[in-house]
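This briefing is an introduction for a reader who is new to the structure shown below.

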Amino acid sequence: MNLFNWNEFLGLALVHFFIVVSPGPDFAVTLRQSIYYGRKAGLMTALGIGAGISVHVIYTLIGVTALMQATPWLMNVAKYIGAAYLIWLGIQFLRSKGSSAKITPDTADSGAAQTAGKAFWMGFLTNATNPKAMLFFLAMFTSLVSVSTPVSIKLFYGVWMCAVNAAWFMLVSLLFSHQRIRERFLAHSKLFDNIIGVVLLLFAGRLLLMV
């Protein structure tokens, strides 16, 4: 990779990092998964979020995002799908009765027993159905990445962003799956679920206002 491409990569990586660490649906879901189901579920959710980025990378590289940007109704369909998923998730959390589980060193990572696959797919769908991620990749790859940049390097950028997303949310999971932190949140689990549910509904509302 030549000097120009390294400068390009550093610019892209910096912008992407600030986007990743800003609170959003990915953060809310990782937070809840880690607190309710423990470290393993939180880490699998984080890996799912990282994998979800690959969906946006692939359709950006093959030009689908540019097509959707030029075809408003397709973009609106994507926004409706993303909003619908967040609304469904938010309602599920609002309907939750909370948790009365007690955490001990022996059960600190079992929680209410969520499979690794389910945790992974929750993270994957939360990111993959987010049309704001689609718009981000369209903006970044058209404004920060040169049209002359080889596809192989663009793929490297995509893999890097998948890894950064997964690493950041794994860090979030490691922090919030700590026993004492989980106990504090679970002591007010119904309120916690309500807050997360409302946050997801607000994100859904923002998407719908963009339609």
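The largest pocket has a volume of about 430 Å³, where a volume is the space filled by probe spheres set on grid points that are joined across faces, edges and corners. Of the 23 residues lining this pocket, Ile19, Ser22, Asn130, Lys132 and Ala133 are the closest to its centre. The model is predicted, so that local features need pLDDT of at least 70 and side-chain atom pairs count only at pLDDT 80 or more, while totals for chains, interfaces and linings use all residues. Residues are numbered from 1 along each chain as its sequence is written, and side-chain values use heavy atoms, with hydrogens and water left out.

**Pocket and cavity**

- On a 1 Å grid over the protein atoms alone, a cavity is a set of points where a 1.4 Å probe fits but cannot get out, a pocket is an open set with protein on both sides within 12 Å along at least five of seven lines, and lining residues have an atom within 4 Å of a point.
- Two or more residues of the largest pocket's lining come from each of α1 (3–21), α2 (25–37), α7 (131–143), α8 (151–176) and α10 (189–209), and α7 gives the largest share, five residues; helices are DSSP runs (H or I, at least four residues), and strands are runs of E of at least two, numbered from the N terminus.
- The lining of the largest pocket divides into 14 nonpolar, six polar and three charged residues, with Ala, Val, Leu, Ile, Met, Phe, Trp, Tyr, Cys and Pro counted as nonpolar, Asp, Glu, Lys and Arg as charged, and the others, Gly among them, as polar.
- A search of the whole structure finds one cavity of 30 Å³ or more, and the residues lining the largest cavity are Pro25, Gly82, Leu86, Thr126, Thr129, Asn130, Pro131 and Leu207.

- The axes of α3 (residues 39–61) and α6 (residues 116–128) come within 6 Å and cross at roughly 40 degrees, axes being lines fitted to C-alpha atoms over the stretch in contact, with angles from 0 to 180 degrees between N-to-C directions.
- The helices α3 and α6 are therefore oblique to each other, a word for angles that are not under 35 degrees (roughly parallel), over 145 (roughly antiparallel) or 65 to 115 (roughly perpendicular).
- The axes of α3 and α7 come within 10 Å and cross at roughly 45 degrees, and these helices are therefore oblique to each other.

**Spans from the record**

- An unreviewed UniProt entry lists residues 12–31, 43–67, 73–94, 157–179 and 191–209 as "transmembrane region", and such annotations may be inferred rather than shown by experiment.
- Residues 12–31 are 85% helix and 0% strand, with end C-alpha atoms 26 Å apart, whereas residues 191–209 are 100% helix and 0% strand, with end C-alpha atoms 27 Å apart.
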